[in-house]
Amino acid sequence: MPSRVFIIEQPEAAKNGWLPDLSSAQKYGTLIPIFTRSDRPALRPSTAITKAQRVLESFSPADHILWTGGDPCGLAIIMAVLGKRHEVISFLKWENYRDEMGNRNGTGYYAPIHLNLTEEQNHDD
């Protein structure tokens, strides 16, 4: 199965027409939105959890999560749903004002980071 990029909340155009550029995220797989703005996870968490479980049922280690903004409760729900079934989750993180070679270019790109949810963390306090 090809990799997929699950977008936590489908971006909508701002009042000035701006939309985030997701083209660099597309190289990691097919873009699949989980929630729309009308889903409102903070106001309808039970419905949002059920939808997230259904959409993410076939989530695999090759897949990625992308948060472009929106309701932070959606992010929390996705982490709770995936955390029950996966030890490592790949997120696409926006690297601002750099290209993929690390050069400053005024644009940016999405890069994967892997969160290991079971690895004990060492904290240097």
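Reader: What share of the 125 residues in the protein chain is buried?

Author: In this predicted model, 33% of the 125 residues in the protein chain are buried. The chain exposes about 8,000 Å², and carbon and sulfur atoms supply 53% of that area.

Reader: How many helices and strands does the protein chain contain, and in which pattern do they follow one another?

Author: There are 3 helices and 5 strands. As for contacts between residues at least 6 apart in sequence, 64% of them join residues at least 24 apart.

Reader: Which strands pair with S1, and in what sense do they run?

Author: S1 and S2 run parallel and are joined by 5 bridges. Within this pairing, Phe6 has Ile32 of S2 as its bridge partner. S1 also pairs with strand S3 (residues 64-66), in the parallel sense, over 3 bridges. There, His64 of S3 is the bridge partner of Val5.

Reader: Which residues of the largest nonpolar core touch the most other members?

Author: A nonpolar core is a set of buried nonpolar residues joined through side-chain atoms within 4.5 Å. The largest one here has 16 residues, and Phe35, Leu56, Ile65 and Ile78 touch the most other members. Two or more residues come from each of strand S1 (4-9), strand S2 (30-35), helix H2 (45-55), helix H3 (72-83) and strand S4 (88-98). The largest share, 4 residues, belongs to H3.

Reader: What does Leu56 touch, leaving aside residues up to four places away in sequence?

Author: On that basis, Leu56 touches Phe6, Ile34, Ile65, Ile78, Val81, Leu82 and Arg85. A second, separate core has 8 residues, including Val5, Ala25, Leu92 and Tyr110.

Reader: Which residues form a nonpolar patch on the surface?

Author: The patch consists of Ile113, Leu115 and Leu117, which together have about 210 Å² of accessible area. Of these, Ile113 lies in strand S5 (residues 104-116).

Reader: Why does Ile113 count as partly exposed?

Author: The class between buried, under 20% relative accessible area, and exposed, over 50%, is partly exposed. Ile113 belongs to that class because its relative accessibility is 35%.

Key
Residues numbered from 1 in each chain as written. Predicted model: local features only at pLDDT ≥ 70, side-chain atom pairs only at ≥ 80, totals over all residues. Heavy atoms only, no water. Buried < 20%, exposed > 50% of the residue type's maximum accessible area, 1.4 Å probe, protein only. Contact = heavy atoms within 4.5 Å. Areas by Shrake-Rupley, 256 points an atom, 1.4 Å probe, with all protein chains shown as cover. Patch = residues over 30% accessible without salt bridge, like charges linked within 9 Å, V, L, I, M, F, W, Y side chains within 5 Å. Salt bridge = Lys/Arg side-chain N within 4 Å of Asp/Glu carboxyl O. Pairing = 2+ DSSP bridges.
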